[in-house]
Amino acid sequence: MREVFRRPRGTQDILPDQVSRWRTVEEKFRHWCGLYGYWEVRTPAFESRALFERTVGDATDIVEKQMFRVGPPKADEGRPEQKEKEEWVLRPEGTAPVARAVLENGLLSRQSLVKLFYVAAIFRYERPQAGRLRQHHQCGVEALGSGDPALDAEVIDLGWNFLNDCHIEGLSVFLNSIGCLQPECRPRYRQDLLNYFWQKESLLCKDCRRRLQSNPLRILDCKEETCQPVARKAPKSWEYLCPACQDHFSRLQDHLSGMGIPFEIDGHLVRGLDYYQRTVFEFRHMGLGAQNTILGGGRYDGLIEELGGPATPGVGFGCGIERVLLAMVPTPNEQEQSAVIDVFVAPLTKAAQKEGVKLLSALRKKKIAADMDYSEPKNPTGTEELRSLKGQMRQAHKRRARLVIIIGDDELTRNFLTVRDMVEHRQWTVAFGDAVAKITAYILGQRDPSLR
Ligand SMILES: [Zn+2]
Ligand SMILES: [Zn+2]
């Protein structure tokens with residue numbers, strides 16, 4: 001027996017009965033992005049490793065242990081003419097690639113505010129568990145070119161309206177500000193946080209003791225039982241904001257209140273990526289267990305500069321599509337979208353099939369959804385040339401075809417075909433020459449009564 005291939009661990013096949021739900025979410029997302037003036041961008045699935053080291057931060061889990069490496073083919077490895085010494089990785093998050101693309105393509109030299117969205121596969125080498133895959137999918141927005149808190153509010157409002165449109169109930173918005181790089185702002189917070197955690201060092205897990213050296217803010221995110229009570233009593237970042245960040249944060253809250261978006265301040269929300277400044281936020285769904293963040297984002301005013309561009313503020317979010325689907329309240333007609341067709345062509349003999357295939361092609365050119373039965377007879381030399389009319393009618397019924405076109409020897413010799421309306425239970429005949437035009441007109445008339 002040959003080995004059966006299986007998909008890689010932490011990935012999933014999205015089969016046709018699920019794809020309609022995916023498309024619903026993606027279409028809703030595109031719709032809302034359009035209403036807010038965001039344009040779609042598509043970037044490569046792999047990027048330079050340094051792009052993420054520089055922006056996400058080299059002391060983060062993503063960069064330290066979660067990036068899939070992409071290399072040249074074996075035959076090319078180490079060949080002297082292989083000039084590219086660059087290391088590539090599959091995109092582990094969505095923001096840095098978009099910022100790179102904005103800068104590289106000079107989008108900000110043409111307009112002062114660039115508003116983009118993406119729908120993309122994201123790859124992280126993690127231990128797979130419920131709601132966490134090695135390939136997952138995100139829809140996200142990035143708005144670059146303004147530091148105005150009204151733009152932070154717009155981005156949050158977009159996410160809020162999109163997720164509500166997906167019928168997600170029990171969604172909570174958590175908000176925080178982690179300040180800026182001014183010495184009296186986040187650096188002062190970081191120092192106080194460090195002092196606090198050093199006093200509790202013996203209570204921290206191994207990873208967090210290492211984070212004391214590299215990235216103390218990450219300790220606030222630690223899910224270990226020993227670390228959580230320590231983190232809960234830690235100083236809160238919004239208590240350390242400089243006057244400008246304080247003003248930004250309070251204006252953002254005013255905007256959100258004005259928009260009617262309920263939110264809670266979580267002084268320990270940090271999002272753990274180095275590029276965030278000031279605003280960070282998460283939308284959580286209580287029904288999802290440990291992986292309950294559906295959408296997360298924030299402001300990244302230093303990111304473009306970090307990539308070698310001019311100082312450019314920006315804000316955005318990423319939203320996990322798998323988690324949206326888990327949290328969505330199913331609507332009753334979701335199952336209804338299997339391949340429904342207008343016309344089922346049912347030839348009864350091989351000679352009739354020749355005409356049936358031509359008719360099928362002609363109807364599809366007229367944008368009529370049409371299909372036929374392709375099952376081969378069990379005994380090709382036997383008397384039964386094709387599947388019986390009864391069998392074909394069953395197929396037509398399953399596909400919920402409006403019309404069935406029957407072509408038998410009788411029809412062939414007399415140059416007409418039989419049309420049966422499966423809803424009104426009546427049948428009539430049409431000359432071959434008129435068939436395409438008449439069937440098309442009939443179907444269009446059924447779809448739109450004004451054409452009748
Ligand atoms: Zn500040
Ligand atoms: Zn820990």
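Two residues are in contact if their C-beta atoms, placed from the backbone, lie within 7 Å. With that in hand, let us walk through the structure. This is a predicted model, in which local features need pLDDT of at least 70 and side-chain atom pairs count only at pLDDT 80 or more, while totals for chains, interfaces and linings use all residues. Residues are numbered from 1 along each chain as its sequence is written, and chains are lettered from A and ligands numbered from 1 in the order in which they are written.

Gly356 belongs to helix α13 (residues 350-365); helices (H or I, at least four residues) and strands (E, at least two) are DSSP runs, numbered from the N terminus. Is Gly356 buried or exposed? A residue is buried if 20 or more other C-beta atoms lie within 10 Å of its own, exposed if 12 or fewer, and partly exposed in between, with C-beta atoms placed from the backbone. Gly356 counts as buried because it has 22 C-beta neighbours inside 10 Å. Leu417 is 61 residues from Gly356 in sequence, yet their C-alpha atoms are 9.9 Å apart in space.

Now for the wider layout. The domain assignment, which is automatic or from a database, gives domain 1 (16-73 + 84-180 + 241-332), domain 2 (186-235) and domain 3 (339-451). Taken over C-alpha atoms, the centres of domain 2 and domain 3 are 70 Å apart.

Next comes the nonpolar core, a set of buried Ala, Val, Leu, Ile, Met, Phe, Trp, Tyr and Cys residues joined through C-beta atoms within 7 Å. The largest one has 79 residues, of which Val141, Val155, Leu163 and Val324 touch the most other members. Helix α6 (residues 149-165) gives the most to this core, with eight residues. Domain 1 and domain 2 both give residues to this core, so it lies between them. Leaving aside neighbours within four places in sequence, Val324 is in contact with Val25, Leu163, Cys166, Ile168, Ile294 and Cys319. Apart from this core lies another, of 25 residues, including Met372 and Leu403.

An open sheet is formed by three strands in the order β2-β4-β3, with antiparallel pairing; two strands pair if DSSP finds at least two bridges between them. The edge strands, β2 (46-48) and β3 (69-70), each pair on one side only. Val70 stands opposite Trp88 in β4.
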